[in-house]
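Hi everyone, thanks for coming.

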Amino acid sequence: MALPQLIPSHSSSSSLTHQPSISRNAVSPYLLNPNFKPFSNSSSLFQSRRFHRLSSLRCFASSFPEKRHPYPPQSDESVQLPLFPLPLVLFPGAVLPLQIFEFRYRIMMHTLLHTDLRFGVIYSDPVGGTYDVGCVGEIFKHERLVDDRFFLICKGQERFRVTNIVRKKPYLVAEVNWLEDRPSSDEDLEGIADEVESCMKDVIRLSNRLNGKPVKEAQDLRRNLFPTPFSFFVGSTFEGAPKEQQALLELEDTAARLRREKGTLRNTLNYLSAASAVKDVFPSL
């Protein structure tokens, strides 16, 4: 599910409190082949992340043992992590399909598939460069082709902040610290999450109406998620606004993230309401 054109409630660029710390000249962001459509329609990345589509994949790694980390990551713990700069933002819990064809990243894959299957996804764009807050992607299915390319299915795990570049060749490796949301004060997180879900349902309903689709009550979007993972799920649906997604990923406060998402959804809802009113008056438009 992807939401329609979003109207951010903030200026995404002003929300980033840091400057990119990694030179965009150090890496190639073009890890995704634009013609690659192995898993779903490329017009909707989020649709390709849905779990129910994964069962049909022919993968060699279907018997991967589940990795159990001896202890949860601490925010002040520094570890080394190989990095993938990509023109997208990965959120915890989101599913990401990738095709790996560049030589240095094929080297990375050979290493990862014999170790812990985890790497860092960081957002990179031609203007802002490569940002220093990203999300761990864990490989849980893969297919290796005869020409040594890889098809991967990854799932977002912990967030991190790059603190130091260890090396740039053959691929980026960095020291990172883990990021966790700070405990909220006395705010009603459940109440804010319910308001965000309500706004999402209204946006979906109006969007379907404008696009001539059947108008029906949206499904349960929270799916029993707690407020923090639900805030990441909402952010993952903001396709087409990667800088806004990056700003959401960087926030370390669940309430602040939900409030920002609520503002974006309300702005989008106002826009859709106006467009719907115009369509009612001028149905031929």
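I'll start with the overall layout and then go to a few aromatic rings. Keep in mind that this is a predicted model.

Okay, the big picture. The protein chain has seven helices and six strands. If you walk along the sequence, the order goes α-α-β-β-α-β-β-β-β-α-α-α-α. There are 285 residues in the protein chain, and 49% of those are buried. The accessible surface is about 14300 Å², with 52% of that belonging to carbon and sulfur atoms.

Now, who touches whom? Take the contacts between residues at least 6 apart in sequence: 75% of them join residues that are at least 24 apart.

On to the rings. Searching the whole structure turns up five aromatic pairs. One of them is Phe84 with Phe119, a tilted pair with 4.5 Å from centre to centre and 50° between the planes. In case you wonder about those two numbers, the distance of the centres and the angle of the planes are how a pair of aromatic rings gets described.

So where do these two sit? Phe84 is in strand E1, residues 78–86, and Phe119 is in strand E3, residues 118–125, so the pair ties together parts that are 35 residues apart in sequence. Both Phe84 and Phe119 are buried.

Arg167 lies over the face of Tyr171, 5.1 Å from the ring centre. Arg222 lies over the face of Phe230, at 5.5 Å from the ring centre.

That's it from me, thanks!

Technical notes:
Residues are numbered from 1 along each chain as its sequence is written. This is a predicted model: local features need pLDDT of at least 70, side-chain atom pairs count only at pLDDT 80 or more; totals for chains, interfaces and linings use all residues. Side-chain values use heavy atoms; hydrogens and water are left out. Helices (H or I, at least four residues) and strands (E, at least two) are DSSP runs, numbered from the N terminus. Buried means under 20% relative accessible area, exposed over 50%, partly exposed in between (1.4 Å probe, protein chains only). Contact means heavy atoms within 4.5 Å. Accessible areas come from the Shrake-Rupley method with a 1.4 Å probe; for residues, only the protein chains shown count as cover. Rings of Phe, Tyr and Trp (its six-membered ring) pair if their centres lie within 6.5 Å; planes under 30 degrees apart count as stacked, over 60 as edge-to-face and the rest as tilted. A charge sits over a ring if NZ of Lys or CZ of Arg is within 6 Å of the ring centre and within 35 degrees of the ring normal.
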